Amino acid sequence: MASSYPARQPNWRNLCFAVGLLVLLALAGASSAQLSTGFYSRSCPGVYDAVKSVMQSAIAREKRMGASILRLFFHDCFVQGCDASLLLDDTPSFQGEKMATPNNGSVRGFEVIDAIKSAVEKVCPGVVSCADILAIAARDSVVILGGPSWDVKVGRRDSTTASFSGANNNIPPPTSGLANLTSLFAAQGLSQKDMVALSGAHTIGLARCTNFRAHVYNDTNIDGAFARTRQSGCPRTSGSGDNNLASLDQQTPTVFENNYYRNLLCKKGLLHSDQELFNGGATDALVQSYANDQTTFFADFVTGMIKMGDVTPLMGSNGQIRKNCRRVN
């Protein structure tokens, strides 16, 4: 028998309120899953002093270490984002990134990251990721060597994976032309301006003969006397002296300033990819600007570092907080 009662109508006002509430909650969740400079303000306020102390000691022992840690951060962020995947060791059942061509025999400083992790764990165990440790250590390296400071955004978690192929394909090789450099940085959401500013990291550190041999022997956009000086420590034959080192900035390789760009104006870039930034192309004006004004370079470098640190981080419940930066928990 048909009911004599009218069919119950949905309460659209309540339904709309519920949907709206769900949307707001979703947005709140999305906004909370953001990197922030205050992420450890309560859970581990001592992290910054712990990182800085170890970095100061490491650089006091070896000035080159500042550049090495900064480079680790670059090479990590260009593969899967800034997730500490580069720090993972190879095992019989796991292929990491350390043996990829851009990293093999080149990236270094892992023992310093281990020391920092140990120091941080004593302050607040199980709280700070290796990815954040590397980001903070990179900033401290720049500051200790005379460069600009900035507030590091933190809240990253550590990956449980690595990408050997990503390391081989995403990290700009020293043979790169301007178009390839621009493309590889763009793939990480970084502009050509970011690329030129971040390349200023080569104002500190050393490079291996195998990475600048072709430039000092074969390229024509290089100062002749400078080329001959670098040839004296880098034999022409591949396989001979491959690991011989030369300063990326011949004047002040342990001071973070703008001499790198001044060298480019004089055709004294050590790497082919360096000199490509000032070679009659679209980035010439930026190089001239940074060579003339260190303050502008510092400001744009900081902007680039913060943007690079934002590249696809793992957050929230993704990834993990590694107990040992070299292996997955």
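The model is a predicted one. It contains 14 helices and two strands, and 46% of its 329 residues count as buried.

**The protein as a whole**

**Helix 4 and its partners**

- Helix 4 covers residues 110–123, and helix 5 covers residues 130–144. The two pack at an angle of about 110°, with their axes 10 Å apart.
- Helix 4 and helix 5 are therefore roughly perpendicular to each other, and helix 4 passes helix 5 in a right-handed crossing.
- On the helix 4 side, the contact is made by I113, I116, K117 and V120; on the helix 5 side, by C130, I133, L134 and A137.
- Sorted by class, the contact of helix 4 with helix 5 has seven nonpolar residues, one charged residue and no polar ones.
- Helix 4 also packs with helix 2, at an angle of about 145° and with the axes 9 Å apart. The crossing of helix 2 and helix 4 is right-handed as well.
- In this second pairing, helix 2 brings V47, A50, V51, V54, M55 and A58, which meet V112, A115, I116, A119, V120 and V123 in helix 4.
- The contact of helix 2 with helix 4 has twelve nonpolar residues, with no polar and no charged ones.
- As background, an α-helix has 3.6 residues a turn, so residues three or four places apart point the same way.

**Helix 13 and helix 14**

- The axes of helix 13 and helix 14 come within 5 Å and cross at roughly 115°.
- Helix 13 contributes S289, Y290 and N292 to the contact, while helix 14 contributes Q294, T296, F297 and D300.
- By class, the contact of helix 13 with helix 14 has two nonpolar, four polar and one charged residues.

**A mostly covered helix**

- Helix 8 runs over residues 192–199, and six of its eight residues are buried.
- Those buried residues are D194, M195, V196, A197, L198 and S199.
- The cover over the buried residues of helix 8 includes helix 3 (65–77), helix 7 (178–186) and helix 11 (259–265), along with helix 13 (284–292) and helix 14 (294–309).

**Loop residues to look at**

- S43 sits in the loop between helix 1 (12–32) and helix 2 (47–61). With 38% relative accessibility, S43 counts as partly exposed.
- Leaving aside residues up to four places away in sequence, S43 touches C124 and V127. S43 and V127 are 84 residues apart in sequence, and their C-alpha atoms are 7.2 Å apart in space.
- Q80 lies in the loop between helix 3 and helix 4, and A84 is also in the loop between helix 3 and helix 4.
- Phi of Q80 is near 65°, a positive value in a residue other than glycine; for A84, phi is likewise positive and near 65°.
- Q80 is partly exposed, with a relative accessible area of 31%, whereas A84 counts as buried at 0% relative accessibility.

Terms used. Residues numbered from 1 in each chain as written. Predicted model: local features only at pLDDT ≥ 70, side-chain atom pairs only at ≥ 80, totals over all residues. Heavy atoms only, no water. Axes fitted to C-alpha atoms, helices over the stretch in contact; angles between N-to-C directions. Helix = DSSP H or I, 4+ residues; strand = E, 2+ residues; numbered from the N terminus. Parallel < 35°, antiparallel > 145°, perpendicular 65-115°, else oblique. Left-handed = near helix turned anticlockwise from the far one by under 90°. Contact = heavy atoms within 4.5 Å. Nonpolar A, V, L, I, M, F, W, Y, C, P; charged D, E, K, R; others polar. Buried < 20%, exposed > 50% of the residue type's maximum accessible area, 1.4 Å probe, protein only.
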